[in-house]
Amino acid sequence: GQMIVVGLIASAVGIAIGLLIDWFPTVGSKQAHKIDTFWDVLIICSVPVFVLVTTVVLFAARDFRMRPGQENLDGPPIHGNTKLEIVWTTIPAVMLVALCAYALITLSDIEKAPAAGNERQITATGQQFAWTFQYNEGGKKFSSTQLYVPINESVKFNVKTDDVLHDFWVPAWRMKIDAVPGITTHYRVTPDKLTGPAGYPVVCAELCGLGHAFMRSTAHVLSKAAYAAWVTKMTTAAAPAAPAGGGGQTAAVDGKTLFTKGETSTGATACGGCHKLADAGTVGGVGPDLTTAIKGKDAAFIKTSILDPNAEITPGFDKGIMPANYGQLLSPAEVDALVKYLQEVAAK
Ligand code: CUA
């Protein structure tokens, strides 16, 4: 009796913790709703099983333990119980088959192509250590280092890599797939929640080298009108996208501030995330220590090192640790500001 009461209370508490606490990030796609529902079903099925086994073990340990002064007695020789064995084999087997069927149904559901053809395709390309998104909107091709998609439209992502294994993951959408050298992988997602100005994080979920943790971007889910306006901007302007909410006016860029913290106008991680530089007080250890690497160098060397990181490799560092397209992640004003600041530091 006591055991049943404890078991029921523990199951209820376990299920409540599993379902009532918000364990996951924003639910940002049609797929995410279905995946989170599947998680809830798994919790409801697995918590009572876990509690049953644990409760029986704990009560058995309490009631049948050897007491002080008791002889080390063997238990009675029990020879199995066919009825019990059939029950505890059948119930888990039925549960597993049912959950497996439910998982397969959910999987085919979230991978299904939309009924009304012409689906948008975006290529997500990983490279050490940045994402690039290639668009083809009505025959016009362009690329972006941040991801923009319209709300409530299915997108098929073609996921590629220019070098090693990466993994394209937008946690708010729940969908996630490896970028594998030599092949193109895919998934579909239908974003159904607008993002604020901050967007959702896009991360790399496969350890791909020293800069893995910095291989992040931002996903923006826009209204159909805002998305169309963004596409127009990207297909007409030659320069990379202006900072979101910039209001048309370009503020002067301070090289030291840009180096030290935050992001470039395109959302790329700024230099201090990977490079140590005494003057800026940064401690990043992914790339060369610029305190010594640029000492006495001129502006041309510094500019080339930003725009074409593989032109000259610092001994002890591998080619490709810094994204080869890093120059494209900066606006011309940002490049100039960094060169000016670093040249001042190099001359000290
Ligand atoms: Cu790319 Cu981890």
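Residues are numbered from 1 along each chain as its sequence is written. Because the model is predicted, local features need pLDDT of at least 70 and side-chain atom pairs count only at pLDDT 80 or more, while totals for chains, interfaces and linings use all residues.

Let me start with the cores, where a nonpolar core is a set of buried Ala, Val, Leu, Ile, Met, Phe, Trp, Tyr and Cys residues joined through C-beta atoms within 7 Å. Buried means that 20 or more other C-beta atoms lie within 10 Å of a residue's own, exposed means 12 or fewer, and partly exposed is in between, with C-beta atoms placed from the backbone. The largest core has 31 residues, and those with the most contacts inside it are A124, F133, L147, V170 and A219. Among the elements that give two or more residues to this core are strand 1 (120-127), strand 2 (130-137) and strand 10 (216-222), strands being DSSP runs of E, at least two residues long, and helices runs of H or I, at least four, both numbered from the N terminus. Strand 2 supplies the largest share, four residues. Domain 2 (120-236) and domain 3 (255-347) both give residues to this core, so it lies between them, with the domain bounds coming from an automatic or database domain assignment.

Leaving aside neighbours within four places in sequence, A124 is in contact with W131, F133, F157, V159 and F168, contact meaning C-beta atoms, placed from the backbone, within 7 Å. Apart from this core lies another, of 18 residues, among them A270, L290, I302 and A337.

Turning to the helices, helix 7 (residues 299-307) and helix 8 (residues 332-347) pack at an angle of about 130°, with their axes 9 Å apart; axes are lines fitted to C-alpha atoms over the stretch in contact, and angles run from 0 to 180 degrees between N-to-C directions. Residues including I302 and I306 in helix 7 meet residues including V335 and L342 in helix 8.

Finally, the backbone: most residues other than glycine have a negative phi, and most peptide bonds are trans.

Methods. Two residues are in contact if their C-beta atoms, placed from the backbone, lie within 7 Å.
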